[in-house]
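User: I am new to this structure and would like to know what stands behind the words used to describe it. Please take the terms one at a time.

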Amino acid sequence: MDEFRPVPDALAYLRGSWRVTRSVRDRASGAEGRFDGVTMFSALDGGEAGGESGLLHRESGTFVWLGVPRPAERTLRFLPGPTPGTADVRFADDRPFHDLDLTTGRHIADHPCSADLYRGEFTVRDADHWRTVWRVAGPAKDLTLTTDYARLG
C-alpha cells in the first residue's frame with residue numbers, strides 16, 4: 001500500500017467498534033494462527049470518548065493456534081498524546097506500550113519486551129479500515145502479527 005489516509009485526531013478516528021482479523025505467523029517454525037473478534041474503543045473513566053480522558057480498548061474473540069480454538073481478550077488504554085492527534089498507548093495496568101501518531105496515516109512504533117523487540121507499523125487505509133503489522137524478533141520470539149480492522153456499523 002503506497003497511500004495512507006491522514007488522521008488529524010487518532011482517538012476520534014478509533015472511537016467505536018471494529019471487526020478484527022489477525023494472522024499470526026511464527027517465522028522460525030512456520031506455524032500459523034488466526035484471531036477473529038471485535039475491538040471496542042469506548043470512553044475511558046466516564047469521560048467523553050476521544051476527549052481528555054482517552055479511550056478504553058477492549059478486544060475479544062477466538063484465537064486458533066495449531067488447530068485449537070481458544071477464547072482470547074486484551075485491554076489497552078489509549079490516552080491523549082503529547083501533541084494534538086497523537087495517543088499514548090498503555091497496557092491495562094498502566095505500563096507503557098507504544099506511542100501512536102496517525103497524522104500522516106502511517107506510524108512506526110517500537111516496544112521492547114525483555115530481550116525481544118516488537119516493531120509495529122500502523123497504516124490507515126480509509127475512514128473505516130486500518131491495519132497493524134507487528135514484527136517480533138529476539139531470542140524468545142520470531143513472529144509476524146498482521147491485524148486488519150474494519151469499522152462496524
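**Terms and values**

Analyst: Tyr 13 is buried, and so is Trp 18; buried means under 20% relative accessible area, exposed means over 50%, and partly exposed lies in between, with a 1.4 Å probe and protein chains only. This is a predicted model, in which local features need pLDDT of at least 70 and side-chain atom pairs count only at pLDDT 80 or more, while totals for chains, interfaces and linings use all residues. Residues are numbered from 1 along each chain as its sequence is written, and side-chain values use heavy atoms, with hydrogens and water left out.

User: What makes the rings of Tyr 13 and Trp 18 a tilted pair?

Analyst: Rings of Phe, Tyr and Trp (its six-membered ring) pair if their centres lie within 6.5 Å; planes under 30 degrees apart count as stacked, over 60 as edge-to-face and the rest as tilted. The centres of Tyr 13 and Trp 18 are 5.6 Å apart and their planes stand at 50°, so the pair is tilted. By this rule the count comes to 9 aromatic pairs.

User: What makes the pair of Tyr 118 and Trp 134 edge-to-face?

Analyst: The two rings are 6.3 Å apart, centre to centre, with 70° between the planes. An angle over 60 counts as edge-to-face, so the name follows from the rule. Tyr 118 is in strand S8 (residues 116-126) and Trp 134 in strand S9 (residues 129-137), 16 residues apart, and the pair links distant parts of the chain. Tyr 118 is buried, and so is Trp 134. Ring pairs also link these two with Phe 91, Phe 97 and Phe 122 into a cluster.

User: How do you know which strands pair, and in what order do they lie in the sheet?

Analyst: Strands are DSSP runs of E with at least two residues, while helices are runs of H or I with at least four, and both are numbered from the N terminus. Two strands pair if DSSP finds at least two bridges between them. Here 10 strands form an open sheet in the order S6-S5-S4-S3-S2-S1-S10-S9-S8-S7, and the pairing is antiparallel. Strand S6 (96-101) and strand S7 (106-113) are the edge strands, as each pairs on one side only.

User: How many bridges join S1 to strand S10, and how many join S1 to strand S2?

Analyst: Strand S1 (residues 16-26) is joined to strand S10 (residues 142-151) by 9 bridges, and S1 is joined to strand S2 (residues 32-43) by 10 bridges. Both counts meet the rule, because the rule asks for at least two bridges. Towards S10, Arg 25 stands opposite Thr 144 and Val 20 opposite Tyr 149. Towards S2, the bridge partner of Ser 23 is Arg 34. The hairpin of S1 and S2 has 5 residues between the strands, and in this hairpin Gly 30 takes a positive phi near 85°.

User: Why is Glu 59 called buried?

Analyst: Glu 59 has a relative accessible area of 4%, so the residue falls in the buried class. Glu 59 lies in strand S3 (residues 55-65). Its side chain makes a polar contact of 3.3 Å with the side chain of Thr 39. A polar contact is a pair of N or O atoms within 3.5 Å; within protein, one must be able to donate a hydrogen and the other to accept it, and residues adjacent in sequence count only if both atoms are side-chain atoms.

User: Why does Arg 22 count as buried?

Analyst: The relative accessible area of Arg 22 is 9%, so Arg 22 is buried. Arg 22 is found in strand S1, and a polar contact of 2.9 Å joins the side chains of Arg 22 and Glu 59. The C-alpha atoms of Arg 22 and Thr 147 are separated by 4.1 Å, although these residues are 125 residues apart along the chain.

User: Why is Arg 151 placed in its accessibility class?

Analyst: Arg 151 has 26% relative accessibility and so counts as partly exposed. Arg 151 is in strand S10, and a polar atom of its side chain lies 3.1 Å from the backbone oxygen of Ala 127.

User: How do you know that the charged end of Arg 151 sits over the ring of Tyr 13?

Analyst: A charge sits over a ring if NZ of Lys or CZ of Arg is within 6 Å of the ring centre and within 35 degrees of the ring normal. The charged end of Arg 151 is 5.4 Å from the ring centre of Tyr 13 and is listed as sitting over that ring. Arg 95 likewise lies over the face of Phe 91, at 4.4 Å from the ring centre.
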